[in-house]
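Trainee: Please take a close look at one part of this model, the place where two chains touch. I would like the cut-offs along the way.

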Amino acid sequence: MLRETHLNGIILLALLIVPLVALALNEPFIITLATKVTILALAGVGLNLALGQGGLISFGHAIFFGLGGYSMGILASHAQSFTPLMEAPFLIEGTNLMPVIWIVAIVVSCLAALLVGLLSLRTSGVYFIMVTLAFGQMFYYFAISWPAYGGEDGLVIFVRNEFPGLNTLVPIQFFGLCFAVLCAVLFFVSKLNKSAFGLALSGAHFNPERAETVGIDITRVRLVAFVISAGITGLAGALFADLNRFVSPTMFSWHTSGQIMIFIILGGVARLYGPIAGAAVYIILEHYLGAFSEYWQIYLGLILLFVVLFAQGGLIGGLSKREAAHD
Amino acid sequence: MSTILLIEQLLNGLQFGVMLFLMAAGLTLIFGVMGLINLAHGSLYMVGAFAAAGVAGLTGSFALALIASLAAAAMFGALIELTVIRRLYKRDHLDQVLATFALILVFSEGTRWAFGSFPLFLNIPDMLSGTVMLPGGIEYSLYRLTIIGIGLLVAAGLFLLISKTRVGMRIRAGENDREMISALGVDISVLYTLVFALGAALAGLSGALVGAIQSVEVGMGEPVLILAFVVIVIGGIGSIKGALAGAILVGVTDTMGRTLLPVIFGSFMDPSAATSVGSALASMLIYILMAGVLVFKPTGLFGEA
């Protein structure tokens, strides 16, 4: 058995080495798969902050994934057609610069999360799940019925957006960029989890009464966690849209929320590196089972059932011994 | 916009509402008695619709098709309760959500494997096709009127079952105190299977009835499932009365919103913009309604704190 920190290092290293080997072997498709894993893992890391650390079972994180995607889609489509986004009261133009798009994606997701969170956090438990799910569906239907940006068909962006100093159309360079973003976010979240805020959030999860008694405003802590979590997932959405150079309402669908949740459960709930392992397993299953059977989701469902019923702790829980059991 | 059209849309809303009630009643019952959130409820709706379409295709009888939908959904409901669901009662909501989400994947892909990706069609029986004349000179589809009737009958039956019969007494007792009723010698696991199968059968019936208006296809249950959640949030969880009130409120609001909003916006905007703004807003209306209820009564209209 391994220590969890060692296993985490191995997982991150593997994610870096696989595309490098693929580059040497001239297999660009594998690099793209690894990029997909990196971006989806990022979305999972975002959700895991709310779900794992905070115990907020949000079934609506597709909202933020989608908003991130559409932030990219809308800005880039205006840059592509050289039309301004709006002229009055002040001029906003489209852009194809990733850093700008990322900031917009994060800000938009955070604002949406503030609104959704303020409403959803009035409830808890099973209500919270249903309410976040319903708000997710609201955004989905809105994206479908709003014709200005492609409606049901989505938006195609012909050229990947630019990042200063890189050629993002080269798969390995885009991978490197996504990997760097993932590492930065992992560093940020690990610091956050250990901070006073992170401890308050865990406290509000495991013993809300006690947390409240010592003077923690649990609703506020949860709201802040929900907003940060949404910002990270929104950033992942913008990257995912750039990977595919396509956004569609599917990004808002509740299956997307479920998928992000699956990464977390496959990897191990509330483990920082869990979503990376989970997303990797998911993409590998999708790729290989998908080649083996058209109905691969049946097997995915059965595997998921097995993990939930019999293998709690997921992949990382199964491969490592738990450090410092708190239970 | 004439009064006749308005009343027609009101009836459509009512029809949509009673269908949502059949879904929401099962969900809220299962949550109330077993404390379980069941995402796979939409799959049971789909199972009912496919069973009905399959049997109607073979025998040509709509009555048999309805019976088949009830039987198939109840049977699959009991089957998943016995194999999967009963392991989840003591788990937290996250496990319940994930396991039942996994069941959706299995059911949806399994159905696609068995029936193919093309939608099936379930025809309205001749006896119920066509329209009837309602007082006030309103012509309305007989089948939709029948659905409203069946829905209201089932609602009444459900209220009687729960308030007047011995099984209903046990169900209510189960909602209040599980440990106590099992200590009093009620076989709680049989009761759970029964409640789950009952909820499943209602979902299956609803799927079959709606299947004759829309097409029968894989994934048809999911939008309805989420609407049923909205109904439960509005009505208050665990309350059948709340489910009925919430369902009709959601059904009527949604249908009326889709008809009226484009017209209202059309009165002060140019027509094409009014249609797009109106329809986009109409698709969000019930969620805005839900948000409103959450602001003023977070436990729902009939929920207890």
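Mentor: Start with the pairing: 35 residues of chain A are in contact with 35 residues of chain B. Contact means that the two C-beta atoms, placed from the backbone, lie within 7 Å. On the chain A side, α5 (125-145), α10 (254-267) and α12 (296-310) each supply at least two residues. Helices here are DSSP runs (H or I, at least four residues), numbered from the N terminus. The largest share of that side, 14 residues, comes from α5(A). By type, the side divides into 27 nonpolar residues, seven polar and one charged. Nonpolar covers Ala, Val, Leu, Ile, Met, Phe, Trp, Tyr, Cys and Pro; charged covers Asp, Glu, Lys and Arg; the others, Gly among them, are polar.

This is a predicted model: local features need pLDDT of at least 70, side-chain atom pairs count only at pLDDT 80 or more, and totals for chains, interfaces and linings use all residues. Residues are numbered from 1 along each chain as its sequence is written, with chains lettered from A and ligands numbered from 1 in the order in which they are written.

Now the core. The largest nonpolar core has 213 residues. Such a core is a set of buried Ala, Val, Leu, Ile, Met, Phe, Trp, Tyr and Cys residues joined through C-beta atoms within 7 Å. Buried means 20 or more other C-beta atoms within 10 Å of the residue's own. A134(A), L20(B), A24(B), A52(B), A228(B), V230(B) and V231(B) touch the most other members. Helix α1 (residues 3-34) of chain B gives the largest share of this core, 16 residues. Look at A228(B): beyond its neighbours within four places in sequence, A228(B) is in contact with L20(B), M23(B), A24(B) and L27(B).

Key. Buried ≥ 20, exposed ≤ 12 C-beta atoms within 10 Å, placed from the backbone.
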